[in-house]
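Please keep the sequence and the structure in view while reading.

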Amino acid sequence: ELAKQQQPALVVSLEEEWGDWLVSQRQVDAAINHYIEAGASTKAIDAAMSARQWNKAEQLLDQASRGADNTFALPFYEKLAAHYA
């Protein structure tokens with residue numbers, strides 16, 4: 001918490017880097033929250049889908065697509081639809 005108050009940009013960067021490292025170590029489940037903390041929505045959604053956490057992926061996708069250009073979300077929605085089909 002102290003680091004977030006003193007150097008928030010550094011914390012965001014470290015969170016995303018740690019998420020990337022976790023994915024490289026095949027610990028995709030653990031990477032999701034780090035990507036969320038970093039504000040890396042696309043990586044968080046992709047990690048949730050890779051970890052087969054479909055409900056979490058859907059929740060993140062809905063949040064990320066609010067008020068945004070939905071074209072980025074289309075491939076994710078297609079993947080979710082294929083899972084639920």
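Is F72 buried, partly exposed or exposed? In this predicted model, F72 is partly exposed, with a relative accessible area of 26%.

## Aromatic pairs

A pair of aromatic rings is described by the distance of the centres and the angle of the planes. The structure holds 2 aromatic pairs. One of them joins W18 and W21, whose rings are stacked, with 4.9 Å from centre to centre and 15° between the planes; the angle counts as stacked because it falls under the limit of 30 degrees.

The two tryptophans both belong to helix α2, which covers residues 8-24, and because they are 3 residues apart there, about one helical turn separates W18 from W21. W18 is partly exposed at a relative accessible area of 40%, and W21 is likewise partly exposed, at 39%. In the pair formed by F72 and F76, the ring centres are 6.5 Å apart and the planes stand at 70°, so this pair is edge-to-face. While F72 is partly exposed, F76 has a relative accessibility of 11% and therefore counts as buried, the cut-off for that class being under 20%.

## The nonpolar core

The largest nonpolar core has 20 residues, and those touching the most other members are I32, Y35, I45, M49, L60 and L61. Two or more residues of this core come from each of the helices α3 (28-38), α4 (41-50), α5 (54-65) and α6 (74-84).

K43 lies in helix α4, one of the elements that give two or more residues to the core. K43 itself is partly exposed, with a relative accessible area of 32%. Leaving aside neighbours within four places in sequence, K43 is in contact with E16, D20 and Y35, and its side chain makes a polar contact of 2.8 Å with the side chain of E16.

Key:
Residues numbered from 1 in each chain as written. Predicted model: local features only at pLDDT ≥ 70, side-chain atom pairs only at ≥ 80, totals over all residues. Heavy atoms only, no water. Phe/Tyr/Trp six-rings, centres within 6.5 Å; stacked < 30°, edge-to-face > 60°. Helix = DSSP H or I, 4+ residues; strand = E, 2+ residues; numbered from the N terminus. Buried < 20%, exposed > 50% of the residue type's maximum accessible area, 1.4 Å probe, protein only. Core = buried A, V, L, I, M, F, W, Y, C linked by side-chain atoms within 4.5 Å. Contact = heavy atoms within 4.5 Å. Polar contact = N/O pair within 3.5 Å; in protein donor to acceptor, adjacent residues only side chain to side chain.
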